[in-house]
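This report walks through selected local features of one protein model.

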Amino acid sequence: MASFAAIVLRNPNPFDQINLINEKELVVDYIYQEAFIKIDRKFNEVIKNNCTSTVLINGEDGSNKSYLLSRLNQHFHYKALFVYIPPFRVREVIWQHILRYTVDSLMAISNNQKESQLLQWLSNLKPDIKYDVFDFLRSDRKKFINKLKDLYKGVKIYDDDTFFSILYDLTNSELYPLACEYLRGDDLSQESLEALGIEKSIKTETVARETLVNLSRIVGNHQPIVLYFDQLTSIGKLPNGTLDFPALFTVNTKIREENINLLMLFNINNHTWQDNETKISQLDKHNIDETVFLKDISLAKTELLLESRLKLLHNQEILQIPSPIYPLNRQILEREFPQGKTNPRDLFIYARDTLEAYKKWLTKGGEKGDFVFPQRHENKDYNYLKLASHLQIKWHEEFAKTQQSITKMRQLSSPELMKSLEEILMVLQVDEIMNTLFIGSKYSSYSLSYKLINKSAILGLVWMEDPHLTSFLHIMEACQKTLKKNQSLKLYLIRAESLGNEDDEGYKIYRKIFMNSFHYHIIPDLTSIHYLATYNNLVQSACEGDLVIAGKVIDLKNLRYLMSKSNILNSCVLLQKLGLVNNNDDDDQRNSNQLLKEYQNYIFYLVKSQICLSTQVIIQKTNYCFPELSESKIEALIQQLCWEKKLRIIDPKAPLESQLVCLARKTT
């Protein structure tokens, strides 16, 4: 069995990830227990009274509301359809946004399940219809629809023929993906609509709202729905620059009027709530049934939190340790938190700094004198060189998560993609960003215009991935109208979906604008979408005060600065094609040498940020971020860095799990 010191030296700092990793063994039941009980009580009232209820979750910076989210997700997973709703960006499509993410959550398959919540719900229909729902496939669509009409004749269902027809297609494995795309509000192509046997997609806010009502009235009849609205500091803004809370809480009021068996949870930072509460109507505020405030936790509970994280080290067949929170202890907690309480974020930052100092002490001998605990420090002084190393690691790990969660181009809506691209424009320090190019148009959120620094020309961006060619025609008409007003405008169309053919009106306008002209059509790649989505996730965490890198709370201003200095975005092909970053590739593709450098940089920065690690841990973490790399290839990359005198292996003959890798002595 290994000593605790050996385990610490081999492994990454368990507190580098401040937000809770969504693992069951890391959830401490006693944290925010009072808040959890109140929410669960409201949930039981929803079931008992067949109604909809609203809870506002409120906490100060650092309360780590994501910890409560993880626990709620686990708790409700088996007794409710748990739906996570990220912040909406445009009020004009807020209902479509909620519907999209509701259906996405219903389509998701958790690690311990074989099918999605949507298919599980369809299976729950069996007791009502007296025989297996999938037997309907042996009958016809009309019989299926009539059966469900009869079953739910006492329930108001909007456009029941279309809605029940889509439910029929959900039971067909070939049509299931298309049926899901319809339900989430995708503007489907004519061919897809014909395959589903329906006339048109969900294109309006009214139809999106009514479809959500249908789901709650039928799905909720079998299992309640929990809608969790998170990271609300990043929602869309009103023209005066304030957050659009009126639109959000008007939605809450409307849902309460029409939906059943539904629990609404709004997770809002306390400062954000105080700044915006007065902008919400009295009626909408009245429709908040309960406010749950996340208080600082006692030192007794901080020990439970520390123990949950330190188990990642303590459980590795370790020799006896003095306490479950070693190398920390209660006395040092009382010294650093004299009020007798703190919030999870500040606790984890101090624990992270302590483990880092302990690891440095061990590498310098360890036995020479007692370990001196660091003192807590304000988050005002930034060592940007150190932050840059940690940002590289943070970026690649978040990027890997994004790659796993976003697997197709249209998973994000066109307005979401455009808003994410706008955030990146702010990093690249373009000048005079205007939120829309199509003023007063239905498609205004699909566009923006901007000027480059020291350039006079105005550039326009249009991003349109809706497959239906009629919608594409409307976008082309909007482009044509805009160019007539401003002939000096240089226009970029971003679209991977079909442009139609020579007989389509939209394609004819496209040819006039984008062929043989100084306007450009760019076909985006999925990896570029991952760049945009990854940065957008970091932006939202920064806005909430939840982004911590190298023990520092990073606000949006500092995040933009770090990203601009890191050159991480230079490898994004979409940004290269837009001329926003340098493109070093003749064929617009990263060549093998650049990829090799990216792999080596990740390994180097990983070791630098963690002081030292075992070869096995380096292999595991590198393979997570770059699954295309084999174990032998990663070992070869480590060896190459050693030959270049950037890294060194302390004990090259030891097994991989014990073999320590650190920076070469001359590396700074």
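## Pocket, cavity, rings and backbone

The second largest pocket holds about 910 Å³ of space. Its lining counts 32 residues, and those closest to the centre are Arg89, Gly236, Lys237, Lys419 and Asn435. The model is predicted.

Which helices supply at least two residues each to the lining of the second largest pocket? Helix H19 (414–427), helix H22 (526–544) and helix H23 (556–566) do. H19 gives the most, with six residues. By class, this pocket lining has 13 nonpolar, ten polar and nine charged residues.

**Enclosed space**

A search of the whole structure finds one cavity of 30 Å³ or more. About 100 Å³ of space lies in this largest cavity. It is lined by 14 residues. Nearest its centre are Asn13, Leu355, Glu356, Lys359 and Gln610. Helix H17 (344–363) and helix H25 (592–610) each supply at least two residues of the cavity lining. H17 gives the most, with four residues. The cavity lining splits into six nonpolar, four polar and four charged residues.

**Aromatic contacts**

A pair of aromatic rings is described by the distance of the centres and the angle of the planes. The structure holds 31 aromatic pairs. In one of them, the ring centres of phenylalanine 144 and tyrosine 168 are 5.2 Å apart. Their planes meet at 75°, so this pair is edge-to-face; the cut-off for that class is over 60 degrees. Phenylalanine 144 belongs to helix H7 (residues 141–151), and tyrosine 168 to helix H8 (residues 160–170). The contact therefore ties together parts that are 24 residues apart in sequence. Both phenylalanine 144 and tyrosine 168 are buried.

Phenylalanine 249 and phenylalanine 266 form another aromatic pair, and this one is tilted. The distance is 4.9 Å centre to centre, with 35° between the planes. Phenylalanine 249 sits in helix H12 (residues 245–258), phenylalanine 266 in strand S4 (residues 262–269). The pair links distant parts of the chain, 17 residues apart.

Ring pairs link Phe4, Tyr326, Tyr358, Trp361, Phe371 and Phe373 into a cluster.

Two arginines lie over ring faces, as the table shows.

| Charged residue | Ring | Distance from the ring centre |
|---|---|---|
| Arginine 209 | Tryptophan 95 | 5.9 Å |
| Arginine 309 | Phenylalanine 348 | 4.5 Å |

**Strand pairing**

Strand S17 (residues 660–663) pairs with strand S15 (residues 612–614) in the antiparallel sense, over three bridges. Serine 614 stands opposite leucine 660 in S17. Strand S16 (residues 647–649) also pairs with S17, antiparallel and over three bridges. What is the bridge partner of arginine 648 in S17? The partner is cysteine 662. In a regular strand the side chains alternate between the two faces of the sheet.

**Backbone geometry**

The peptide bond from tyrosine 326 to proline 327 is cis, with omega near 15°. Proline 327 is in the loop between helix H15 (299–314) and helix H16 (330–336).

Aspartate 159 has phi near 45°, a positive value in a residue other than glycine. It is found in the loop between H7 and H8. Those helices carry phenylalanine 144 and tyrosine 168, respectively. Aspartate 159 is partly exposed, with a relative accessible area of 40%.

Asparagine 567 has a positive phi of about 65°, although it is not a glycine. It lies in the loop between H23 and helix H24 (573–577). H23 is one of the helices that supply the lining of the second largest pocket. Is asparagine 567 buried, exposed or partly exposed? With a relative accessible area of 46%, asparagine 567 is partly exposed, because that class runs between 20% and 50%.

Technical notes: Residues numbered from 1 in each chain as written. Predicted model: local features only at pLDDT ≥ 70, side-chain atom pairs only at ≥ 80, totals over all residues. Heavy atoms only, no water. Phe/Tyr/Trp six-rings, centres within 6.5 Å; stacked < 30°, edge-to-face > 60°. Buried < 20%, exposed > 50% of the residue type's maximum accessible area, 1.4 Å probe, protein only. Lys NZ or Arg CZ within 6 Å of the ring centre and 35° of its normal. 1 Å grid on protein atoms, 1.4 Å probe; cavity = no way out; pocket = protein on both sides within 12 Å on 5 of 7 lines; lining within 4 Å. Points joined across faces, edges and corners; volume = space filled by probe spheres on them. Nonpolar A, V, L, I, M, F, W, Y, C, P; charged D, E, K, R; others polar. Pairing = 2+ DSSP bridges.
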